[in-house]
Amino acid sequence: MAGAITVYGNKETAQRPKHITEPKYVQWILIAIALLFLGLVVLLPLVSVFVEGFRKGADLYFKGLTEPDTLSALKLTLIVAAIAVPLNTVFGVAAAWAISKFQFKGKNFLITLIDLPFAVSPVIAGLIYVLMFGAQGYFGPWLDDRGIQIVFAVPGIVLATIFVTVPFVARELIPLMQAQGVQQEEAAASLGAKGGSIFWRVTLPNIKWGLIYGIILCNARAMGEFGAVSVVSGHIRGQTNTLPLHVEILYNEYQFSASFAVASLLVMLAVITLIVKGIVEWKSGASHAGNH
Amino acid sequence: MKGSKARRALPGFGLSLGFTLFYISLIVLIPLAAVFFKTFELSWAELWSTITNPRVLASYRISFTTALWAGLINAVFGLLVAWVLVRYPFPGKRFIDSLVDIPFALPTAVAGIALTTIYAKTGWVGSLLEPLGIKVAYTQLGIIIALVFIGLPFVVRTVQPVLQDLEKETEEAAVMLGAYRRRTFFKVVLPELMPTLLTGFALAFARGIGEYGSVVFISGNMPMRTEIAPLLIMTKLEQYDYAGATAIAAVMLTVSFILLLIINLLQWRMSRRAIPD
């Protein structure tokens, strides 16, 4: 089981038989506690981002968003995601294909390897690339001679983001493709289909929704990554700042409402991510219903 | 007799496995190895004194204990939330269910500034707690709250599917044998959920010790008191003390790897015990 967060179908709960469930008043107390907890821990911070962002009025809110430094941070964030997400998607598909359709030794070890970036602190994720490519790093002098800048420049940010988001698509696809088995693909192969056809026409339609969900999650994390990028970027305004770093800089300069205005962009990204997740679940639930 | 020919009924094994291994080595393994190689450049004495420096030890302690408390809180309340979501019907459930994913999808820096603003002395919750003498921002309590936010989805989303698939039969048997509901919960249901609860806790804990973005704003980063280990690494990097930063990182990586192995072991054991439908 490689994925801890998988597409979870929200099934409607029929009322359980009375003898194996709690009395109604207990149910309502527990529901109230759960709602209170979630409201305090999750909802409150979410709402506060928008409230703080608009604290100085709508005018300043939009001004904060369209400032040149914000726009270049946005551009950099989008570029980094546009590189990291497709690369990790290709990796995820390849890894899931190898793991789910074939038998080989060391499969569990490989799955654990893929999960590694999940267990590594983001700061360490950035550190390792500084160690490799920084001025005092292993490849530092070699890169210097050729005038290539990786750390404190865009390539370093891209690398760190790729590292942090490597597992996302793979973790979505591996359990999904394992559950789907090899029968359909083998049937296609026995009918004479070549590798490419098998993948595009048999496998891909089956994993469509899991793939979309994995890409969306990967994208959300790629655009929101903070710790790893913070180490690698050098925080050079207008050049090596991503949106999350820009939020930090504004906050540290006490420009609170501007900071929250930019943060609200990222909140909206998170909300869109979750809406897409909801759509994916609904669609995949619908197609499962058809199979029963 | 399954020979190697039968295994390769489908094409693309070499290509996909080869690319997978290449990518993982390039992006993940080799850079991670660089940490350990760098620490080998230090003598044992240097390494030991760096790792056991009081400020460094304090940062491990702070990271570890705050993650532990946050993990425990998440285990209890996460189980509650998962229970309520799986077993009770109530209006707005879908919305509540998607709330659980917010910490997973939200950038850590955004969570960090939002939580700091709420729990600061002048914040919505901070101003309510201040007269009671409870300080949240710039204390370990603040760090714990941030880590609870971050770790919540790990517990809930791990427990939910297992809870969903729990058979009614065991609870019915307990009722028939005369157990009241509370006893059934503690003696029948909870033990069944223990492995998955442990896994969720371990995931939240592992995430907690390495967390940076959401903690760094609310903690105030005071050495020996609220300085978490990742922050110390960052500070050393800014001072160009690469050796020191790497030494701390090596210790944290080792702990992370061990945790990861434990988690995967737990998940593997759980999937072996599950009786396939």
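What percentage of contacts in chain A between residues at least 6 apart in sequence join residues at least 24 apart? The share is 72%, where a contact means heavy atoms within 4.5 Å. In chain B, residues 24 or more positions apart account for 75% of the contacts with a separation of 6 or more.

The model is predicted: local features need pLDDT of at least 70, side-chain atom pairs count only at pLDDT 80 or more, and totals for chains, interfaces and linings use all residues. Residues are numbered from 1 along each chain as its sequence is written, chains are lettered from A and ligands numbered from 1 in the order in which they are written, and side-chain values use heavy atoms, with hydrogens and water left out.

Chain A contains 13 helices and 0 strands. Helices (H or I, at least four residues) and strands (E, at least two) are DSSP runs, numbered from the N terminus. The C-alpha trace of chain A spans about 60 × 55 × 30 Å along its principal axes. Of its 292 residues, 54% are buried. Buried stands for under 20% relative accessible area, exposed for over 50%, and partly exposed for values in between (1.4 Å probe, protein chains only). The accessible surface of chain A is about 12800 Å², with 66% belonging to carbon and sulfur atoms. Accessible areas come from the Shrake-Rupley method with a 1.4 Å probe; for residues, only the protein chains shown count as cover. Chain A carries 20 positive and 16 negative charges, and their mean positions are 10 Å apart. Lys and Arg count as positive and Asp and Glu as negative, without His or the chain ends. Each charge is placed at NZ of Lys, CZ of Arg, CG of Asp or CD of Glu.

Gly278(A) sits in helix α13 (residues 256–291) of chain A. Gly278(A) is partly exposed, because its relative accessible area is 25%. Its C-alpha atom is 29 Å from that of Phe62(A), and 216 residues separate the two along the chain.

Chain B has 14 helices and 0 strands. Its C-alpha atoms fill a box of roughly 70 × 65 × 35 Å along the principal axes. Buried residues make up 57% of its 277 residues. The accessible surface of chain B is about 12900 Å², and carbon and sulfur atoms hold 68% of that area. Chain B has 24 positive and 16 negative side chains, with the centres of the two sets 3 Å apart.

Across the whole structure, 5 cavities of 30 Å³ or more were found. On a 1 Å grid over the protein atoms alone, a cavity is a set of points where a 1.4 Å probe fits but cannot get out; a pocket is an open set with protein on both sides within 12 Å along at least five of seven lines; lining residues have an atom within 4 Å of a point. Grid points are joined across faces, edges and corners, and a volume is the space filled by probe spheres set on the points.

The largest cavity holds about 310 Å³. Its lining has 25 residues; Pro117(A), Phe118(A), Ala119(A), Val120(A) and Arg207(B) lie nearest the centre. Helix α14(B) gives the most to this lining, with 6 residues.

The second largest pocket has a volume of about 410 Å³. It is lined by 13 residues, with Glu22(A), Val26(A), Leu30(A), Phe185(B) and Phe186(B) nearest its centre. Helix α4(B) gives the most to this lining, with 5 residues.
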